[in-house]
Amino acid sequence: MPDEKLLAQLRHQFASTHWPRFDDLNHSDNFFALDIFIGGDMHWLQGHFPQQPVVAGVVQTHWAGEIAKQLFNLSDEFIRIDNLKFQQVILPEQRLQLTLDAKITDSSCAIKYCYRKDEILFSEGKLVFSNQVSSQ
């Protein structure tokens, strides 16, 4: 279901050229789907690469982790990354969907993330955090 209030909070918190633009947000239980737009003026595109700017894999992973921490109210205690795969390059002016699917246990929270457009997979991975709720 769409969540305009949560989308507005994300837009406010991540309002800079360090983040993609958030166009829409849907969620159910422990699953979020966030429609994003990669603007051509993004900070992370500068110098990576001059001939054809791309969003680096480390940036994609960082975005997924920071957004997941906010949406799932996770602690900063990151444990590991599993099953990290990069299939397609993310270029400026692209519209994508970032999905975050949480599997929560007593000791950890595993967030499977995926960047895609329709049936095209750009990247995916699993970020594992300690299951301690953030005090924010």
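**Salt bridges in the predicted model**

Reply: Asp82 is a buried residue, with a relative accessible area of 18%, in what is a predicted model. The partner of Asp82 in a salt bridge is Arg80, and the closest N and O atoms of the two are 3.0 Å apart. Arg80, for its part, counts as partly exposed at 41% relative accessibility.

Strand E3, which covers residues 78–86, also contains Phe86. That residue is partly exposed, its relative accessible area being 41%, and together with Phe78, Ile81 and Leu84 it makes a nonpolar surface patch of about 340 Å².

A search of the whole structure finds 7 salt bridges, and another of them joins Arg95 to Asp23, with a distance of 3.2 Å from N to O. Arg95 belongs to strand E4 (residues 95–104) whereas Asp23 belongs to strand E1 (residues 21–28), so this pair ties together parts of the chain that are 72 residues apart in sequence. Both ends are partly exposed, Arg95 at 44% relative accessibility and Asp23 with a relative accessible area of 27%.

As for covalent links between cysteines, a search of the whole structure finds 0 disulfides. Cys109 is in none, and the nearest cysteine sulfur, that of Cys114, is 17 Å away, which is too far for a bond. Cys109 counts as buried at 1% relative accessibility, and Cys114 is buried too, with a relative accessible area of 6%.

To place these pairs in the whole, the chain has 2 helices and 6 strands, which follow the pattern α-β-β-α-β-β-β-β along the sequence. Its radius of gyration is 15 Å, close to the 14 Å that the globule rule gives for 136 residues, so the chain is as compact as a globular protein of that length. Buried residues make up 43% of the 136 residues, and among contacts between residues at least 6 apart in sequence, 59% join residues at least 24 apart.

Technical notes
Residues numbered from 1 in each chain as written. Predicted model: local features only at pLDDT ≥ 70, side-chain atom pairs only at ≥ 80, totals over all residues. Heavy atoms only, no water. Patch = residues over 30% accessible without salt bridge, like charges linked within 9 Å, V, L, I, M, F, W, Y side chains within 5 Å. Areas by Shrake-Rupley, 256 points an atom, 1.4 Å probe, with all protein chains shown as cover. Salt bridge = Lys/Arg side-chain N within 4 Å of Asp/Glu carboxyl O. Helix = DSSP H or I, 4+ residues; strand = E, 2+ residues; numbered from the N terminus. Buried < 20%, exposed > 50% of the residue type's maximum accessible area, 1.4 Å probe, protein only. Rg over C-alpha atoms; globule rule 2.2 N^0.38 Å. Contact = heavy atoms within 4.5 Å. Disulfide = S-S within 2.5 Å.
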